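Subject: Structure handover

Hi,

Here is the structure I promised to pass on. Have a look at it first, and then read on for what turned up.

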Amino acid sequence: MFSRKHTRKIYAVLIIAALAFPLISNNTYYITMLCLAFIYMIVAFGLNFITGMTGQVNLGTAGIFCIGAYTSALLTTKTFISPWLALLVVILFGFVIGIALGYPSLRLKGVYLSLTTIAFGEIVRQLVNNMTDFTGGAHGVRAIPPYCLFGFELNTKLRLYYFLLAVTIMFGLIAYRIIYSKWGRVFTAIRDNIDAVDTCGISSSKVKIIAFTLAAVFAAIAGGLYAHYSGYINPSTFTLNLSVSFVVMVMVGGSGTVLGSVLGAVLVSILPEMLRFLGNYYQIVFYILVFICTILIPNGIVNVFLERQKTKALPEKN
Amino acid sequence: MKNILRVESLTKRFGGLVAVNDLSFEMEARSIHSLIGPNGSGKTTTINMINGTFPPTGGRIYFGETDITGMQTHKISTLGIARTFQNIKLFSTMTVEENLKVGGHSRLAPHGVVSYLLNPVEARKEENKLQVASEEIIAMLRLEDIAKSVVASLPYGKLKIVELARALMSRPQLLLLDEPAAGLNPSERAEFIDVLLKVFESGIDLFLIEHNMDVVMNISDKITVINFGSKIAEGDSASIQNDPEVIKAYLGEKYIMI
Amino acid sequence: MSIVRVTKEVVFLYKIILQLLVSGIAMGFVYGLVGIEYTLIWNSTGLLNFSHERIIMLGAYIFAGSFVLQTGLSVLPAIVATIIAIIFFAVFVAYTIFIPLRNMSALCAIMSTVMLGNIINESVRLYYGPEAITVKGFLTGMIRIGTLVVARAYVVIIFVALIILALLLLFMMKTKTGKAMRCVAQNKNASSLMGIDVQKNMMITIAISFSICSIIGLLVIPLYSVKQSMASMISLKGFAAGVIGGFGSLPGAIVGGLFIGIIENIAGMIFPSTFKDVVAFVCLILMLLLRPSGILGKKRIS
């Protein structure tokens, strides 16, 4: 069992390990995997607000991630603006989607968010796939330029690794500040007892929309990073399965904590690779493991070790 | 006397069932007003309409001079009406202190999430204000020993007080209490009444729903009795205790003494 | 001369619209059945069954892969065998997963059904292989009704859907079990106090729901052939149908399904057909904005 003070030490150890990793290992495969895990972490940090903390299941993250990636990719390849400028547009898009999708589904109580976000993800995938003239259809977008930082092009694996690590740490800090603030409290309060939140003078639907919009902005930014990291995107990446993976990261890692999202993102991006020795069976074994985790430790791995979750939430039945 | 709450011909129908029927009453400022009646007489429905849980089918509700009929719950709360629930609604995975801080969120920490991130100084100030306010109320209700405990681990009697404390964090003018004594044993009940009186003295008017007679009779300035959604009697505790309609509603026809 | 040509064109257009309407209604019934199938489980257990896509697919695979191709049964016995197999599977899933899960948080419940779906999907891939299976001659061909020529599959879908609906209505209204199911949907605690075995009831509901899934799977074989992604679109549109018709309402599911089926077919005539699949989801989001309780939905009493 460890407390919040201990977790700070764990973060420090993790950051040092991540900084030192390329120096110790020059296995580019693992470095590539970790780059992807960093991008997923940013998505998970955001998703944690809406799914991990307020308990609303968002199954459309892949759609938002997709819009982030395509916006940045198309802006930089078609209008040749700087990826940084494109990033601003991506943030704006994330914000708009968050509100436009959050408003219809979150002012209602119930499971509407899961359904509308699935629908949204599907709309995005269909449109990207079918608007061939604009998005390149199934062929995707090629030759997306990398980010430039102080005159350096981030085009080598190592530069990308440290760049993504820095961005991830930044978003981790933002997420950490929000989680341990009045906002974190209110998000958790919504999961615990939504009626009581309203009686406290807080509009629960507004708070849910805030949490969802934060998630959307994080996912859109991560999508932008993904486009410039991989240099090539196509619609087959952004499926419902990806959305589900994001939720799995938050859930299995540990909902409501930054550490949980970090662990979840690393597990989901690396575990299937480690199970490759099972050959044809690796995927089903992975799904079964996740299924068991969902049922046995619904609050996630990290929370098993955290002090404050020792008393389990009583299910609210009315 | 000035009214703090005025209810005019309030009606609520659920499908064919009339839960509250043409109910009118006025509550004076600086008073403890109770709404009593047998089980199923429409008490909780009334409080739910005052608090904005659902809109009434007909009639109007005024808080002071403000018409609050059909307003959303969180707006009514920010106007100055707080409430507690019959079956306690707390944030069970959070500590007592955190519960209280959520209670003070809208009054003491109104800044949005972006300004929170961009302005750490203001964020710190807000958190300090919440800390001070919650400590004040924790001291007032003598909850110091459980302030850092997670709510799910506390006994029922304590939860009632914690919920009351959370309601006080919004510094309401009017506090609606839904069956505050339900589920408490006699000693806890006495303790809870003491707490309520202390709250009243601190300047908050109380509106109680009860079917527990000793609580109501001891502390209420005025009592409204309803049965089957309609008002059957109103007055101070002495007159209510002798009202034949009230006795009939509670005990049945044959207990009326002539 | 010109008048004749104009009338010919009008007749032609009229025929096209009629044909679109028939296919729209048929697809509408498919979406409606999907809506019913998940609403039944939702009403009974409070779980949103996200594995239903895979159950529909599983039904088709059991029918085509196991019974028609491997054992060489003819169509009718194969259908019966499929439904029986699915019912056994339903009972197993009900007691091992759905019933124990019903008190978990929405997040866990949703994710575990999603994972169940993934596990089923992978099992099907491992057992039947990744290639699509075709069932020769099953519900294929055209039917001529008057001057109208429509796919036989559509007619069969409408016909079977109506039979299922009639049976379901009879079951819910007339039998003791059906009445108990309606009670459980309204209030589980009260039902169990009245002596209804809630768990057994949930099991029966899940079995009915899964059998409907498998029938949907059979009905859409001629449209999508037997492959792993065969049900992904209809299952999503079925969710949309349920919400558009009124979440939690069985008649609403059918109304919503027909609404989507007809609208998307008409839209397919106006817009490029590649955008046909988007229509249902746009309708869903518009509906939530304008009338969140759905076409038939009432405001719930809390």
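One cut-off before the rest: a residue counts as buried when its relative accessible area is under 20%, and as exposed when that area is over 50%. With that in hand, C:F247 is a simple case: its relative accessibility is 13%, so it counts as buried. Please keep in mind that this is a predicted model.

Let's start with chain C as a whole. It has 12 helices and 2 strands, and along the sequence they come in the order α-α-α-α-β-β-α-α-α-α-α-α-α-α. The C-alpha trace of the chain spans about 75 × 50 × 35 Å along its principal axes. What radius of gyration would a compact globule with 302 residues have? It would be near 19 Å, and chain C, at 20 Å, agrees with that.

Taking the contacts in chain C with a separation of 6 or more, 75% come from residues 24 or more positions apart.

Next, the aromatic rings. Over all chains, the structure holds 32 aromatic pairs. One of them is A:F171 with A:F218, an edge-to-face pair with 5.1 Å from centre to centre and 75 degrees between the planes. Which parts of chain A does this pair tie together? A:F171 sits in helix α7 (residues 157–179) and A:F218 in helix α10 (residues 204–230), so the link joins parts that are 47 residues apart in sequence. A:F171 counts as buried at 7% relative accessibility, and A:F218 is buried too, with a relative accessible area of 4%.

Back in chain C, the rings of C:Y38 and C:F247 have centres 6.3 Å apart and planes at 45 degrees, so this pair is tilted. C:Y38 belongs to helix α1 (residues 2–45), while C:F247 is in the loop between α10 (232–245) and α11 (250–270), so the pair ties together parts of chain C that are 209 residues apart in sequence. C:Y38 is buried, with a relative accessible area of 1%, and C:F247, as above, is buried at 13%.

Chain A also has a cluster to look up: ring pairs link A:Y40, A:F65, A:Y70, A:Y226, A:Y229, A:F238 and A:F246.

Most residues other than glycine have a negative phi. B:F228 has a positive one, near 50 degrees. Where is B:F228 found? It is in the loop between β9 (222–227) and β10 (230–235) of chain B. Is B:F228 buried or exposed? Its relative accessible area is 68%, so B:F228 is exposed.

C:L139 has a positive phi as well, near 60 degrees. Its place is the loop between α4 (106–128) and β1 (142–145) of chain C. With a relative accessible area of 12%, C:L139 is buried, whereas B:F228 is exposed.

Over to you!

Key:
Residues are numbered from 1 along each chain as its sequence is written. Chains are lettered from A and ligands numbered from 1 in the order in which they are written. This is a predicted model: local features need pLDDT of at least 70, side-chain atom pairs count only at pLDDT 80 or more; totals for chains, interfaces and linings use all residues. Side-chain values use heavy atoms; hydrogens and water are left out. Helices (H or I, at least four residues) and strands (E, at least two) are DSSP runs, numbered from the N terminus. The radius of gyration is taken over C-alpha atoms; the globule rule is 2.2 Å times the number of residues to the power 0.38. Contact means heavy atoms within 4.5 Å. Rings of Phe, Tyr and Trp (its six-membered ring) pair if their centres lie within 6.5 Å; planes under 30 degrees apart count as stacked, over 60 as edge-to-face and the rest as tilted. Buried means under 20% relative accessible area, exposed over 50%, partly exposed in between (1.4 Å probe, protein chains only).
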